[in-house]
Amino acid sequence: WYQRRVHGELQADRDVVRAAVLNSPAAFQYASQSLREDCDFINQVGGRALPYASPSVFADKNLMSSLISSSPLLLRDLPDYIKGDRDLVAIAVQGNGCALQYAADELTADKGIVMMALKEDKEALKFVAEHLRADPEIQEIVAEDPECDVDLFG
């Protein structure tokens, strides 16, 4: 009885769980349900804990914005409906243009999103929808960077 009670208390102890998650993100799967639903706590420990968080936290757009801001490539591991959220993808590609590779197809064809991604990193061109590569504005942005070796049509 004592071990189960202490174990249960530790699973809900913010400091213990924070230390465990920072050491190994997979430890979050053993945290109490209340911590796995706590958006503030998840924001503190960062996106590495998300695979073990309660599915309900993904609906918190403020949390997703914060986590994507600090780790744009986190987009890769998020549910498809987030990869299709224009606002969240914009945050990701402004932080790392190559996050475009994880965006929903309709957003790799969204000129506004593509322009943001290319302004951050011309290498994002690899992930732009084919039909947009011929767009004069896209070509101009890429041509501005002589070091960009991505083929517009390849």
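**Figure 1. Arg76 and Asp77 join their side chains in a salt bridge.** The N to O distance is 3.2 Å. A salt bridge here is a side-chain nitrogen of Lys or Arg within 4 Å of a carboxyl oxygen of Asp or Glu. Arg76 has a relative accessible area of 43%, so Arg76 is partly exposed. Asp77 is partly exposed too, at 47%. Buried means under 20% relative accessible area, exposed means over 50%, and partly exposed lies in between (1.4 Å probe, protein chains only). The model is predicted: local features need pLDDT of at least 70, side-chain atom pairs count only at pLDDT 80 or more, and totals for chains, interfaces and linings use all residues. Residues are numbered from 1 along each chain as its sequence is written, and side-chain values use heavy atoms, with hydrogens and water left out.

**Figure 2. The whole chain holds ten helices and zero strands.** Along the sequence the pattern reads α-α-α-α-α-α-α-α-α-α. Helices (H or I, at least four residues) and strands (E, at least two) are DSSP runs, numbered from the N terminus. The protein chain has 154 residues, and 42% of them are buried. Take the contacts with a separation of 6 or more: 33% of them join residues 24 or more positions apart. Contact means heavy atoms within 4.5 Å. The count of salt bridges is nine.

**Figure 3. Lys61 pairs with Asp87 in a salt bridge.** Their closest N and O atoms are 3.1 Å apart. Lys61 lies in helix H5 and Asp87 in helix H7, so this pair ties together parts 26 residues apart in sequence. Lys61 is partly exposed, at 34% relative accessibility. Asp87 is partly exposed as well, with a relative accessible area of 47%. Asp85 joins Lys61 and Asp87 in a network of salt bridges.

**Figure 4. Asp135 and Lys111 form a salt bridge.** The closest N and O atoms are 3.1 Å apart. Asp135 sits in the loop between H9 and H10, and Lys111 sits in helix H9, so the pair ties together parts 24 residues apart in sequence. Asp135 counts as buried because its relative accessibility is 16%. Lys111 is partly exposed, with a relative accessible area of 28%.

**Figure 5. Asp60 caps the N-terminal end of H5.** A side-chain oxygen of Asp60 lies 3.0 Å from the backbone nitrogen of Asn62. A polar contact is a pair of N or O atoms within 3.5 Å; within protein, one must be able to donate a hydrogen and the other to accept it, and residues adjacent in sequence count only if both atoms are side-chain atoms. Further along H5, the buried residues are Leu63, Met64, Ser65, Leu67 and Ile68. Their cover includes H4, helix H6 (80–83) and H7.

**Figure 6. In the largest nonpolar core, Phe28, Leu50, Met64 and Leu78 touch the most other members.** This core has 44 residues. Helices H2 (14–23), H4 (39–45), H5 (61–70), H7 (86–95), H9 (111–120) and H10 (136–143) each give two or more residues to it. A nonpolar core is a set of buried Ala, Val, Leu, Ile, Met, Phe, Trp, Tyr and Cys residues joined through side-chain atoms within 4.5 Å. Leu78 touches Leu50, Phe58, Met64, Ile68 and Lys83, leaving aside residues up to four places away in sequence.

**Figure 7. The structure holds one aromatic pair.** Phe28 and Phe41 are stacked, with ring centres 6.0 Å apart and 25° between the planes. Phe28 lies in the loop between H2 and H3, while Phe41 lies in helix H4, 13 residues apart. Rings of Phe, Tyr and Trp (its six-membered ring) pair if their centres lie within 6.5 Å; planes under 30 degrees apart count as stacked, over 60 as edge-to-face and the rest as tilted. Phe28 is buried, at 0% relative accessibility. Phe41 is likewise buried, at 0%.

**Figure 8. Arg36 is buried yet has no salt bridge.** Arg36 lies in helix H3 (residues 33–36). The nearest side chain of opposite charge is Glu37, 7.4 Å away. Lys and Arg count as positive and Asp and Glu as negative; His and the chain ends are not counted. What does the Arg36 side chain reach at 3.1 Å? The backbone oxygen of Ala31. Leaving aside residues up to four places away in sequence, Arg36 touches Phe28, Gln29, Ala31, Ile42, Tyr52, Ala53, Ser54 and Val57.
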